[in-house]
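The tour goes from the whole chain to single side chains, one selection at a time.

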Amino acid sequence: GNPHAFERLNGEIDFNAGPVMTGAESIEEAGARLAGEIVRVANGQMTMAETWDYQDHMEIFLKGPNL
């Protein structure tokens, strides 16, 4: 939802809800855009992460104690 983060990372983020924060768009309008994006991805459009073609395995490390 942060417009500045989307500007910096627009090649990595699929959906920008920032216009709601700035008042340029209503929540309903953003929801309609999001629904459209979901339909496009469900119909085969690649997400930003899919377009990177990253092949290496990814491991997630947690800081702090783990149970």
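The stops below begin with the overall fold and end with the salt bridges.

**Whole chain.** Show the protein as a cartoon. This is a predicted model, with four helices and zero strands. Read from the N terminus, the order of elements is α-α-α-α. Now color by pLDDT, the predictor's confidence in each residue. The mean for the protein is 86, and 84% of the residues reach 70 or more. Of the helices, α3 (residues 27–42) has the highest confidence, at 97, while α4 (residues 48–51) has the lowest, at a mean of 87.

**Surface.** Of the 67 residues, 10% are buried.

**Asparagine 10.** Select this residue in the loop between α1 (3–8) and α2 (18–22). Asparagine 10 counts as partly exposed because its relative accessibility is 44%, which falls between the cut-offs of 20% and 50%.

**Asparagine 16.** Stay in the loop between α1 and α2 and select asparagine 16. Is asparagine 16 buried or exposed? At 16% relative accessibility, asparagine 16 counts as buried, since the limit for that class is under 20%. Show its side chain, which reaches the backbone nitrogen of glycine 18 at 2.8 Å. Leaving aside residues up to four places away in sequence, asparagine 16 touches Phe6 and Arg33.

**Salt bridges.** How many salt bridges does a search of the whole structure find? The search finds two.

- Select glutamate 25 with arginine 33. Their side chains meet in a salt bridge, at 2.8 Å from N to O. Glutamate 25 is buried, with a relative accessible area of 14%, whereas arginine 33 is partly exposed at 32% relative accessibility.
- Select glutamate 37 with arginine 40. The closest N and O atoms of this salt bridge are 3.1 Å apart. Both residues are in helix α3, and because they are three residues apart, about one helical turn separates them. Glutamate 37 is buried, with a relative accessible area of 14%, and arginine 40 is partly exposed, with 40%.

**Last view.** Return to the whole chain and display contacts between residues at least 6 apart in sequence. Of these contacts, 24% join residues at least 24 apart.

Conventions. Residues are numbered from 1 along each chain as its sequence is written. This is a predicted model: local features need pLDDT of at least 70, side-chain atom pairs count only at pLDDT 80 or more; totals for chains, interfaces and linings use all residues. Side-chain values use heavy atoms; hydrogens and water are left out. Helices (H or I, at least four residues) and strands (E, at least two) are DSSP runs, numbered from the N terminus. Buried means under 20% relative accessible area, exposed over 50%, partly exposed in between (1.4 Å probe, protein chains only). Contact means heavy atoms within 4.5 Å. pLDDT is the predictor's confidence in each residue, from 0 to 100. A polar contact is a pair of N or O atoms within 3.5 Å; within protein, one must be able to donate a hydrogen and the other to accept it, and residues adjacent in sequence count only if both atoms are side-chain atoms. A salt bridge is a side-chain nitrogen of Lys or Arg within 4 Å of a carboxyl oxygen of Asp or Glu.
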